[in-house]
Every structure is written in C-alpha cells, then in structure tokens.
Amino acid sequence: MIVGDLASRLERDAAPLRQALQTLTRQLSTGQRAETPGDMAPELPRAITLRTELARREVYGTAIGQAQQRVAAVQTVLTRLTAIGREFAEEVALKLDPNAPGELSVVAERARQALVEVGQLLNTRHAGEYLFGGSDFLNPPIPDPDGLPAGAWATQIAAAVAGLGGGTAAAVAAATRAAVQDDSTGVTPFSGFVSDPASGLAEPRRSVPSEDGVLLPFGLFANRNAAVTSAGETAGGWSRDLMRGLMSLAALTPAQVADRGDFQDFAVTIREGLRSATAALGNEAGALGQTQARLDAAVARHEGIGLTLTRQISSIQEVDLAATLSRLQQTQTQLEASYGAIARLGTLSLAQFLR
C-alpha cells in the first residue's frame, strides 16, 4: 500500500512535467508562446494595443510611399519642362536675329513641337492618375495637347504678333500675356475642371498625412503654380509663361523683322517670359524637394517606431528558441527521472521498501 501511494504521488508530480514538456515542444515547433490569443492572458491587451499601433504606422508608411512615387514622377516632369524653358530662352530667343529672317521658320517649327511636348508632359500619369489635374485624377488637365499649336491661345497670340511693328512691341507683349490668362470655355487649353473657379481653381493641393495632424502637400497643377509665385515677365504661372513663350516663337514670320526695333524688343519679352517660367519651375522643384525630404524623414521615423513595436510584440508572442530548447531538455530529463523512479518502485516488495 505504501509503495502504491508513493507511486501515485510520483505520478501526480510527473503530470505537470508532462504538461510543461508538451507546451515547450509546441513552442519550439511554432515559435509562439500560445496557440490562441486568449492563452496570452494578462499580456493580451498590451499585445492588441501594440498591434493596432503597428498597423497604424504601416498605413502611414504605405500612403507616404505612394506619395513619394508620385513626387518622383512629378520631379522628372519638372526637370524636362525646365530644360525646355531654358533651351528656348537661352538658345533660341536669345539668338533671334532680324538679319536672318529665313531661320524663323525653323524656330517656329521647333517651338510648335516643344509646345506639344509641354502639353503631353502636363498630362503625365502615374499609377493611372493624372499628376497635374488636381483631384480630377482620371481626366487629362489638357484634353488636346497635340492641338495646342492651333488652339485658341496660339491663334490669339499669332494675331497679336502679326501686328508687331511701328512701336507696338509693348502692346503685342500685353496681348500675348492676356491671351494665356483667358480661361474662358472654348479658349483655354486646360480642362473644364481645372479651369473652374468653383472646383479645380479653388481646391488645395493634394496632400498626404505623414503623422497624426500633419499633412504634407505634394500635388501640382497644370494651369497654376503650387508652392511658388512667378516673378518678372509673367502671366501668373510657369505653365502659362512657358506656353506663351513657345506660342510667340511659333508665331514669328519674316514679316515681323521689318521693324527691327520692335522685333528685338519683343524677342526680349519672349526671353524674359521663358526665364520667368524656368525660374518658377526651379523653385517649384526645390519646394517639392523639401517635401520629399520631409516624407523621407517621416518614413524613417515610422519604420523605426515599427521595429520597436515589432520587437515588443515579439517579446509577448514569441519564445526565445535557445532558452526554450534548454528548458525542454531540462524538463525531459526531470520527467525521465520521475518515470525511472516510478518504474523502480514497481519492482520493490514491501520488505525491500522497508529495509
């Protein structure tokens, strides 16, 4: 009876060891402390809080990442637009020569081709969305870029340039400026949405939340400046100044060379307008670059916090495999010793046990 009681006690003592061995074996296999969230008991609320915060940081990171891609695409467009403006300001308008009227046809054709390219650049899309159309993501801000050289703005500018001569340079310059400021339906090359004072012209820039309560603007518009103010010989925005200059160059013919003084004065106006466009484009790109830097910093911050949160969650949910293996081996040794003791008790007689 005594031997049986002792064996029963040893068997009861071995039960927790068997349970511990099963738990450690499972933990070693899965790497997780518990099979279900409910098994984490007192740590569960903290784990849920940490996971929620981690998910929030990941949402911020995803949104910022998408904005960074769009900003990079916009910067590429701005770089090319700036190159076009600089080329025609410094290599074309600067070298207009009243003594070489035959070259004007080549200049005009180059300007028309560049004008189409400008329209196409302002219709650039990324991930299926137009980058310069404000919140009208699915429609081009310039519906007919190929038609720009023959559009209403170009026609008005050509009519004004045709009257160059006899001291009209200033009046022609004013007329070309007024032409690209006209946003009337059927006249402006821009879409109805971006030209509407109640919609596109009134809406703020597209922005991305970088953290709680912080929005970083990154969107640009085809028909107006975003973060900068144009200065000098300007119609109010870099896109209008760029188009005005190219349309003016495209309108020049040998007939305008008859009055050398007016021709040269108007050439200066064209050059200064294109310089205003390139300066504003450079400033726009610089401002966008500052936004890029802030976005990069925000991503790094969210990633750093995310790593900390992940480690904290792991400390709750996951086991230290090396330590778990060591405990499993110790538990297995203890259990084997317990089983060995029970087995030896089974071979003892009462007389042997009492000796």
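The largest nonpolar core of this predicted model has 68 residues, and Phe132, Met243 and Leu249 have the most contacts inside it. A nonpolar core here is a set of buried Ala, Val, Leu, Ile, Met, Phe, Trp, Tyr and Cys residues joined through side-chain atoms within 4.5 Å. Helix 2 (44–92), helix 3 (104–122), helix 4 (152–162), helix 5 (169–179), helix 7 and helix 8 each supply at least two residues of this core. Apart from it lies another core of 6 residues, including Ala47, Leu50, Leu54 and Leu309.

Residues are numbered from 1 along each chain as its sequence is written, and side-chain values use heavy atoms, with hydrogens and water left out. Because the model is predicted, local features need pLDDT of at least 70 and side-chain atom pairs count only at pLDDT 80 or more, while totals for chains, interfaces and linings use all residues.

**Overall fold**

- The protein has 10 helices and 4 strands, where helices (H or I, at least four residues) and strands (E, at least two) are DSSP runs numbered from the N terminus.
- Along the sequence the pattern is α-α-α-β-β-α-α-α-β-β-α-α-α-α.
- Of the 355 residues, 43% count as buried; buried means under 20% relative accessible area, exposed over 50%, and partly exposed in between (1.4 Å probe, protein chains only).
- Among contacts (heavy atoms within 4.5 Å) between residues at least 6 apart in sequence, 74% join residues at least 24 apart.

- The 14 residues of helix 7 should span 20 Å at 1.5 Å a residue, and its end C-alpha atoms are 20 Å apart, which agrees; the expected span is 1.5 Å times one less than the number of residues.
- Since 14 of the 14 residues of helix 7 are buried, this helix is largely enclosed by the rest of the structure.
- Methionine 243 touches Leu115, Val118, Leu122, Ile142, Leu148, Trp153, Pro189 and Phe190, leaving out residues up to four places away in sequence.
- Helix 3, with 19 residues, should span 27 Å, and its end C-alpha atoms are 27 Å apart, in agreement.
- Buried residues of helix 3 include Leu104, Val107, Ala111, Leu115, Val118 and Leu122.
- An α-helix has 3.6 residues a turn, so residues three or four places apart point the same way.

**Cavities**

- The structure holds 2 cavities of 30 Å³ or more; a cavity is a set of points on a 1 Å grid over the protein atoms alone where a 1.4 Å probe fits but cannot get out, and lining residues have an atom within 4 Å of a point.
- A volume is the space filled by probe spheres set on the points, with grid points joined across faces, edges and corners.
- The largest cavity contains about 90 Å³ of space, and its lining includes Arg70, Tyr130, Phe137, Arg206 and Phe218.
- That lining divides into 7 nonpolar, 3 polar and 2 charged residues; Ala, Val, Leu, Ile, Met, Phe, Trp, Tyr, Cys and Pro count as nonpolar, Asp, Glu, Lys and Arg as charged, and the others, Gly among them, as polar.
- The second largest cavity contains about 40 Å³ and is lined by Thr176, Arg244, Gly245, Ser248, Phe266, Thr269, Ile270 and Gly273.
- The lining of the second largest cavity divides into 2 nonpolar, 5 polar and 1 charged.

**Backbone at alanine 127**

- Alanine 127 has a positive phi of about 55° although it is not a glycine.
- Alanine 127 sits in the loop between strand 1 (125–126) and strand 2 (129–130) and is exposed, with a relative accessible area of 66%.

Conventions:
1 Å grid on protein atoms, 1.4 Å probe; cavity = no way out; pocket = protein on both sides within 12 Å on 5 of 7 lines; lining within 4 Å.
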